[in-house]
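Hi,

Here is the structure I promised to pass on to you. Have a look at it first, and then read on for what turned up.

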Amino acid sequence: MARTKKPENGTSTARSPSPSRASSASPSSPSGEDKPTGPLSIIISPEDREAIKVNNANATELKNACDDAMKRYLSRPELFKQIYLHTDVRLGLGWLSVFVAAGTAFYGYKVEFEKSKPVVWAGLILYILLTTLQTLYAYFIEGDVVYVGKRKTFSRRIVSERITLSSRTVPVERSKPPAYEVSITYVRSTSGGKSLLAKGKTHGVREYNSFFDEEGTMDQERFERWVGELVEQAMEGKSS
Amino acid sequence: MFGKLGLRVFLLQAMTISSSLASPFMIWKGLSLVTNTESPVVVVLSGSMEPAFYRGDILFLTNPRPESEEPQSLYKTGDILVYKIPGKDIPIVHRVIEAHDFYSEIVPSDADEGVAESTSDTAQDAGRGGSQRSPRSDLKQLMLTKGDNNPVDDLGLYDGLDWLERRHIVGRVRGYLPYVGYISIFLNEARQLLLSRPGAFSLKHILYSKWRAS
């Protein structure tokens, strides 16, 4: 695959997509099928970018910066649309528990202690229940998932795609710096999900210091290139 | 209106802040229910119990129900209690120097002559020994308290009452931590200071600047 070498600091030359990509047929999709556009073929002009700067001693900030960059990268027009299910469940349960606490507080303030006890017990139990549900949901169902997206393209028939990205920080081990590990699961199907066109699972690990310099500025193009490659590999149905 | 990051991010951050307030509050309420007192942790504000407690000490209270099986659910002479006189806001922490217990029904018990009243104004109550009454919800107690460091008893503080009753008691001191209460004293003084300058540190301002900084 020919690719123009891009200077690291991002000057104003735009990258042109590799010419061989559009015509290559992937092994697992039927021949003649148009492949949906992958993220690498959609260019962001450098003027649209905002610089990202984080505290590069804090692994949580590094991970969050990478996660956010990934979400932005994949949510651009023509690409995926984020499914907010996990976020909404967390918001719903969280706000409900806050309201329960507020209600209990208000009731306890208005009614004197002895009489308020049954209602305060009820509020407390409800709050513990909601908090437990939140924790269980986050641990078992949401897990490491950072982004869930879908896309529908209408080439010859309605093709639905669904992509899930999970990430975690690989902690420091002796002299190995902390690294960002991302796993991508991709499914492409049609006829309402009944016939499977492609399925891929990839994952990649890269040290944080390849995306962040010593000031903590993020090299977004490099990161996006890496993620874009992993996503396109998954879209081609590779499994790794 | 919500900037580049959108509504969901704002709601998430607002929820995180609200939860971080809701959680400690619910823990407090839970503790309050378990100890059966509206204020399981209090700060000593005066020196009337020196040398036992000094201003700035934190006290841990419980208020066992008379009918519960908890040991010593009866308040006895020598216990240190926190009480509130109705009509007065400030709780007072002093020691019981006299306690009279009444039960509304006469129930014959082992070492007992069937008398309804028992007076326990001696310092050592261990003499009750095997005739410790089973816990009963019809217990009525009349108590007199005095601060260790005060020259007179609390009768003048009772605002017309002759005795303290159980319903006035917030709880009995079961443990304490020295000095930690000064945090609460300073916070209270800071709060009074800030309240005198409204708008400078309003919660809205803090929430807004946190959100914008994201």
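Let's begin with chain B, which has three helices and eight strands. Starting at the N terminus, its elements follow the order α-β-β-β-β-β-β-β-β-α-α. Chain B has 214 residues, and 35% of them are buried. Bear in mind as you read that this is a predicted model.

Chain A is built from four helices and five strands. Read from its N terminus, the order of elements is α-β-α-α-β-β-β-β-α. It has 240 residues, of which 40% count as buried.

Next, the second largest pocket. How much space lies in it? The answer is about 1700 Å³. It is lined by 45 residues, and those closest to its centre are A:Phe113, B:Glu38, B:Ser39, B:Lys84 and B:Val170. Several elements give two or more residues each to this lining: from chain A there is helix H3 (113–142), and from chain B there are helix H1 (6–35), strand S1 (41–43), strand S6 (139–146), strand S8 (169–177) and H2. Which of them gives the largest share of the lining? That is H2(B), with five residues. Sorted by class, the lining holds 17 nonpolar, 14 polar and 14 charged residues.

Is B:Leu187 buried or exposed? With a relative accessible area of 57%, B:Leu187 is exposed, because the cut-off for exposed is over 50%. B:Leu187 also belongs to a nonpolar surface patch of about 440 Å², together with B:Phe60, B:Leu177, B:Val180 and B:Ile183.

For a contrast, go over to chain A and find A:Tyr73. This residue is in helix H1 of chain A, which takes in residues 59–74. A:Tyr73 has a relative accessibility of 5%, so it counts as buried, the cut-off being under 20%.

Cheers

How values were computed
Residues are numbered from 1 along each chain as its sequence is written. Chains are lettered from A and ligands numbered from 1 in the order in which they are written. This is a predicted model: local features need pLDDT of at least 70, side-chain atom pairs count only at pLDDT 80 or more; totals for chains, interfaces and linings use all residues. Side-chain values use heavy atoms; hydrogens and water are left out. Patches are made of residues with over 30% relative accessible area and no salt bridge: like charges are joined within 9 Å, nonpolar side chains (Val, Leu, Ile, Met, Phe, Trp, Tyr) within 5 Å. Accessible areas come from the Shrake-Rupley method with a 1.4 Å probe; for residues, only the protein chains shown count as cover. A salt bridge is a side-chain nitrogen of Lys or Arg within 4 Å of a carboxyl oxygen of Asp or Glu. Buried means under 20% relative accessible area, exposed over 50%, partly exposed in between (1.4 Å probe, protein chains only). On a 1 Å grid over the protein atoms alone, a cavity is a set of points where a 1.4 Å probe fits but cannot get out, and a pocket is an open set with protein on both sides within 12 Å along at least five of seven lines; lining residues have an atom within 4 Å of a point. Grid points are joined across faces, edges and corners, and a volume is the space filled by probe spheres set on the points. Ala, Val, Leu, Ile, Met, Phe, Trp, Tyr, Cys and Pro count as nonpolar, Asp, Glu, Lys and Arg as charged, and the others, Gly among them, as polar.
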